[in-house]
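Dear colleague,

Please find below the structure that I would like to hand over to you.

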Amino acid sequence: MIQVSPIRLWVMRAMYLVMAVGLGLTIWPLILNHDSDLPRMTGVVFALLGTIGLLALLGLRYPLQMIPLLLLELTWKLLWLVAFALPRWVDGTLDEGMRSSVFDTSLGIVLILVIPWRYVWANYVTRPGDPWNLRRSGLEGARARAAS
C-alpha cells in the first residue's frame, strides 16, 4: 500500500481548509441571502460550490478519503478553462469578468501539487474495483439475513 507522508497530509488539510473557508466566506452568504429571482443555473452553481465547501470540512479529518473532492475541484476547473475560457481567449472575446474568473479558476492549478498522485494511481486506477455481482460481494447473504 502506498503511504502518504504526514507533511503531505497536512498540506492536503490546509487545502481543504482553504476550500472550506474560501467557499464559506464567498458562496455561503450568497446562498443564505439570495434574491428570489436568482437565475436557475446561478442557484445551481451556488448550491454545488456550497456543498464542496461543506464536504471540504470532512477533508480536515479524512484527507485521503476525501481525495475525490480534490479531483472534482481540479477537474471542473480544468474543464472550464479548456472548454469555456480558452475558446473565448482564442477568438478575442474574453471580457473583463471572464478574465477575472480565469484568474480565480487558474489558482486551482495548485491542486496538481497537493494531490498525492501515486496514492491516487494505486487506489483509484490500478486497485480492483468493487464487485458488480451480489454473490461475489457477499451482499446477497447480508441482505437475506437482514430480510429475515
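**The pockets of the predicted model**

In this predicted model, 17 residues line the largest pocket, and those nearest its centre are E73, W76, K77, D104 and T105. The space within this largest pocket amounts to about 530 Å³.

Which helices each supply at least two residues of this lining? They are α1 (6–26), α4 (67–90) and α5 (96–106). The largest share comes from α1, which contributes five residues. By class, the lining of the largest pocket consists of ten nonpolar, four polar and three charged residues.

The second largest pocket has a volume of about 160 Å³. Its lining is made up of M41, V44, V45, L48, L49, I52, L72 and W76. Here, α3 (40–61) and α4 each provide at least two residues, and α3 gives the largest share, with six residues.

How many nonpolar, polar and charged residues does the lining of the second largest pocket have? There are eight nonpolar residues, while no polar and no charged residues occur in it.

Yours sincerely

Note on methods: Residues are numbered from 1 along each chain as its sequence is written. This is a predicted model: local features need pLDDT of at least 70, side-chain atom pairs count only at pLDDT 80 or more; totals for chains, interfaces and linings use all residues. Side-chain values use heavy atoms; hydrogens and water are left out. On a 1 Å grid over the protein atoms alone, a cavity is a set of points where a 1.4 Å probe fits but cannot get out, and a pocket is an open set with protein on both sides within 12 Å along at least five of seven lines; lining residues have an atom within 4 Å of a point. Grid points are joined across faces, edges and corners, and a volume is the space filled by probe spheres set on the points. Helices (H or I, at least four residues) and strands (E, at least two) are DSSP runs, numbered from the N terminus. Ala, Val, Leu, Ile, Met, Phe, Trp, Tyr, Cys and Pro count as nonpolar, Asp, Glu, Lys and Arg as charged, and the others, Gly among them, as polar.
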